Amino acid sequence: MQTLELDPALLDALRRATRVAVLTGAGVSAESGVPTFRDALTGLWATFDPQRLATPEAFLRDPALVWRWYAERRARVAAVQPNAAHFALVAMATRYADFTLVTQNVDGLHLRAGSRDVVELHGNLARVKCFDGCGVVDAWDERETPPRCRCGAPLRPDVVWFGEPLPAEAIARAQQAARRAEVFFSVGTSGEVFPAAELPRIARAAGALVVEVNPDATPLSPLARFALRGPAGVVLPRLLAALG
Ligand code: BJW
Ligand code: ZN
């Protein structure tokens with residue numbers, strides 16, 4: 001088994017805390033087989049930069065391409081399972097009276113693992129909405145790429161693209177949780193995308209102890225009092241086990 005040094009001061013802080021918030025990113029789903037956003041893409045998508053596909057401009061330029069990209073990702077996510085990191089966060093929630101799980105992920109794996117009240121900052125791949133703002137639709141005809149809304153506008157995934165505002169209630173809840181938290185975890189995120197990347201800073205400024213779980217250092221690392229360098233699916237279950 002991989003050994004991981006867990007600082008007694010961290011365990012002590014986690015045993016005393018009652019208010020904990022967790023921000024997750026694509027790394028938390030990596031061990032389920034979902035590629036991270038900034039991973040090199042493989043196969044059909046090897047030549048596309050996700051940062052260029054996840055924009056309203058890309059959709060307007062080539063709606064069929066962007067729709068196909070999301071349809072493939074939706075199918076892939078449906079075929080994988082939540083991993084030990086998702087399940088550890090379900091267990092962590094039961095330890096704290098005030099626990100908020102905030103995710104940037106659009107894969108729905110926290111909900112499938114059993115987490116409740118997940119704050120989804122960037123939407124959810126499984127939902128589809130009208131590009132012109134009619135709202136979310138329940139069913140669509142896959143024979144068209146992209147399918148059309150009743151109003152005639154193209155349908156698009158209900159995710160947040162670059163340049164678009166985050167759902168107001170979600171970001172408000174996330175910021176509030178960051179301000180309240182005694183311990184704030186940043187798990188599997190590169191910390192490069194705002195306003196999500198602001199949350200650990202908000203927490204730290206309000207006095208929280210920030211913990212990073214990531215195999216690699218990120219721009220958020222300087223904020224972290226403890227950096228647990230390893231895959232989330234190994235680190236989080238170990239941490240939970242050590243807490244007893
Ligand atoms: C592991 C692991 C393992 C691997 N275990 N770890 C301030 C400053 C500069 C720019 C901006 C700013 N404020 C806003 C901006 C602009 C922009 C932005 O942030 N740009 C930056 C790139 C500089 N932000 C926006 O445009 C946002 N909107 C906005 O601000 O609107 C303002 C507005 C107001 C009013 C009206 C109109 C506008 C929107 C951002 C939306 C982001 N959307 C995406 C796509 C979602 C849909 C989709 O999936 O296709 O969200 S982009 C993409 O990045 C996705 C992710 O959620 C997000 C974050 O990525 P994440 O999760 O961190 O993944 P990776 O791949 O980057 O990192 C993975 C990490 O895991 C790595 O660190 C690995 O080491 C680690 N890892 N294996 C643990 N096993
Ligand atoms: Zn419509």
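Predicted model: local features only at pLDDT ≥ 70, side-chain atom pairs only at ≥ 80, totals over all residues.
**Helix H5**

Begin by selecting residues 63-79, which form helix H5. The helix has 17 residues, and the distance from its first C-alpha to its last is 24 Å, close to the 24 Å expected at 1.5 Å a residue. Next, display the side chains of Leu-65, Val-66, Trp-67, Trp-69, Tyr-70, Arg-74 and Val-77, the buried residues of H5.

Trp-69 counts as buried at 4% relative accessibility, and Tyr-70 is buried with a relative accessible area of 3%. A search of the whole structure finds 6 aromatic pairs. In the pair formed by Trp-69 and Tyr-70, the ring centres are 4.8 Å apart and the planes stand at 65°, so the arrangement is edge-to-face. Now extend the selection to Phe-37, Phe-59, Phe-131 and Trp-161, which ring pairs link with Trp-69 and Tyr-70 into a cluster.

Arg-73 lies over the face of Trp-69, at 4.4 Å from the ring centre. Arg-74 is placed over the face of Trp-67, at 5.3 Å from that ring's centre.

Is Thr-100 buried or exposed? With a relative accessible area of 7%, Thr-100 is buried, because the cut-off for buried is under 20%. Which residues does Thr-100 touch, leaving aside those up to four places away in sequence? Select Val-20, Ala-21, Val-22, Val-119, Ala-177 and Arg-180 to display these contacts. Val-20 lies 80 residues from Thr-100 along the chain, yet their C-alpha atoms are separated by 6.6 Å.

**Helices H1 and H10**

For the last stop, select helix H1 (residues 8-16) and helix H10 (residues 232-243). Their axes come within 10 Å and cross at roughly 70°. The two helices are therefore roughly perpendicular to each other. On the H1 side, the contact is made by Leu-10, Leu-11, Leu-14 and Arg-15. On the H10 side, show Leu-239, Ala-242 and Leu-243 to complete the view of this contact.

Key. Residues numbered from 1 in each chain as written. Chains lettered and ligands numbered in written order. Heavy atoms only, no water. Buried < 20%, exposed > 50% of the residue type's maximum accessible area, 1.4 Å probe, protein only. Contact = heavy atoms within 4.5 Å. Phe/Tyr/Trp six-rings, centres within 6.5 Å; stacked < 30°, edge-to-face > 60°. Lys NZ or Arg CZ within 6 Å of the ring centre and 35° of its normal. Helix = DSSP H or I, 4+ residues; strand = E, 2+ residues; numbered from the N terminus. Expected span 1.5 Å × (residues − 1). Axes fitted to C-alpha atoms, helices over the stretch in contact; angles between N-to-C directions. Parallel < 35°, antiparallel > 145°, perpendicular 65-115°, else oblique.
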